[in-house]
Amino acid sequence: MSRGLGECHIVERTIAFLIVASVLAVLIENTPEIYNKHASWFHWFDLMTVGIFTVEYVMRVATAHLSPDYAGKSFPRLRYALSFYALVDLIAIAPFYFARFVDVDVEMLRVLRVMRLARMFKLSRQLIPAWHEFQTLNEGRSLRAKIFALLEPTGHSGRLHAYIDNFIVFWIALSITCVIFETVASVRTMFAIEFEVIDVMAFTIFTIEYIARVYTAPENPKYKHLRMPHWAHVRTGQAIIDLLAILPFVLESLFSQHLDLRFLRVFRLMRMLKLTRYTSAMETLFKVVMREWQVIFASVFVMMLLVVLTASLGYLFEHEAQPDKFENIPQSIYWAVVTLASVGYGDISPITPMGRALTVVLALVGIGIFAIPAGLLASAFTDQLRIDREAFKQRLMLAYEDGMLDHAEKELIVAEAERLHLSHDEVKRLTEEARTEFAAKEAQDHTHANGLVLDAKAHPALAAAQFKLLVDQLSLIAQATGENNLRKSLNDIKANHQAELDVLTIVAKRTF
């Protein structure tokens, strides 16, 4: 069953990718400089996407009678064909077949090409159910709590939160790509208007996101106990990155008439740092550096010591032969670093026998010296991932202590899984491991508890000593509570524990 669901998710993601790619292709077709050179590629890509969308449409219509929405109803396939989703799927492929089988003029052909943009509505198949799920999960919550659930994993965010994340990541990647290609003069001339439109849209989206995150800061568990949660969020590193992502556009718009601020466009690449919010890799790396900083500092110290030492020796051996290149020790440090890093640009190289011998030694030593921090970080990074997953498993075991998961525990587990970016299969595997370990722990505790009762025939002396210990404990209880109170308590539990009560009564009579 889980395998079928996994394959279904793969198919949905593939179709969603083709929808976005086909829409982008339609937009790029409006640029003759690109379309005329690669018209055949656009044609074959359009054929492929239309073919896939057609197969999808036919299969959905053919299997409509198996859908729970139409099963048991008359004419299920016709009912599905007239539904909203089926009409959207039909509109996505209809322009292609209409242009093939009907004679159309140039103007109609342009209209049909533009109509291919309607393929974007095919995404509604994922978005509308995700919206209904989000409304159900957040029923009764405030508007601020709902917006926070859209922006951050909360356990009641649902699939819509993932779609919002993917939407923002898409615009980050698109804006960064535009900034990079905008530095190419020929591309900038060709797509000047498109770049401007994309920049305005990206600025609008990132500004709305920034305002929404500041507005929902009181919903964040990190800031709920603070007096000024909004200000606490604004001071965080992620909020500063979000601000830097939109600040260059604002400064260019306000002061471009008085100052030349074209250099600020390069700072739009700061938007790349926004991607750190959507992966746990940077957080894991930060934990690794904080945990292993002493070892990393020691390796860096050894590297710096070796660099200064080799730079001094290089200056000593090469200064007289090449006074322009090994003019001083700071200049020799550059040669030592590129040599230790096994890069060797060739702009500075020794010519004396001792200098060349030193270069050979440095090149061999540098492989090991520079590999130490990389090995430490790789090992610690893997270990930190294991620790995070073990902590997640321990959280699951704590949640299972009462024998069941309540709503709050489920939300906490889902939020933690989203924060660690664990897949559905990984969460399922860790859940099964937690259940197994919790069951084994319960069985072990039960065994230890039962182990206090000894076999009287096999160990009569130990059994007698244990019996005497129980009698002494009952005596202390009788002295503390009184004989009458103890007898009354024994009578109260007689109905439910008759067998145990008979044994305790015999012991009590012998004691009293």
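**Figure 1. Lining of the largest cavity, to which α3 gives the most, with 4 residues.** The view is taken from a predicted model. The largest cavity has a volume of about 50 Å³, and a search of the whole structure finds 2 cavities of 30 Å³ or more. Its lining is made up of Ser22, Ala25, Val26, Glu29, Phe42, Phe45, Asp46, Thr49, Arg116 and Arg119. Both α1 and α3 supply at least two residues of this lining. By residue class, the lining of the largest cavity comprises 4 nonpolar, 2 polar and 4 charged residues.

**Figure 2. The second largest cavity, with a volume of about 40 Å³.** Ile15, Ile19, Glu56, Arg60, Lys122, Arg125 and Gln126 line this cavity. Three helices, α1, α3 and α7, each contribute at least two residues to the lining of the second largest cavity. The lining divides into 2 nonpolar residues, 1 polar residue and 4 charged residues.

Figure 3. At least two lining residues of the pocket come from each of α1 (2–28), α3 (39–62) and α7 (124–137). These helices, α1, α3 and α7, likewise each supply at least two residues of the lining of the second largest cavity. In the lining of the second largest pocket, 13 residues are nonpolar, 5 are polar and 6 are charged.

**Figure 4. Helix α16, spanning residues 329–340.** The helix has 12 residues, and the distance from its first C-alpha to its last is 16 Å, close to the 16 Å expected at 1.5 Å a residue. Ser332, Trp335, Ala336, Val338, Thr339 and Leu340 are the buried residues of α16.

**Figure 5. The N-terminal end of α16, capped by asparagine 328.** A side-chain oxygen of asparagine 328 is positioned 2.8 Å from the backbone nitrogen of glutamine 331.

How values were computed:
Residues numbered from 1 in each chain as written. Predicted model: local features only at pLDDT ≥ 70, side-chain atom pairs only at ≥ 80, totals over all residues. Heavy atoms only, no water. Nonpolar A, V, L, I, M, F, W, Y, C, P; charged D, E, K, R; others polar. Expected span 1.5 Å × (residues − 1). Buried < 20%, exposed > 50% of the residue type's maximum accessible area, 1.4 Å probe, protein only. Polar contact = N/O pair within 3.5 Å; in protein donor to acceptor, adjacent residues only side chain to side chain. 1 Å grid on protein atoms, 1.4 Å probe; cavity = no way out; pocket = protein on both sides within 12 Å on 5 of 7 lines; lining within 4 Å. Points joined across faces, edges and corners; volume = space filled by probe spheres on them.
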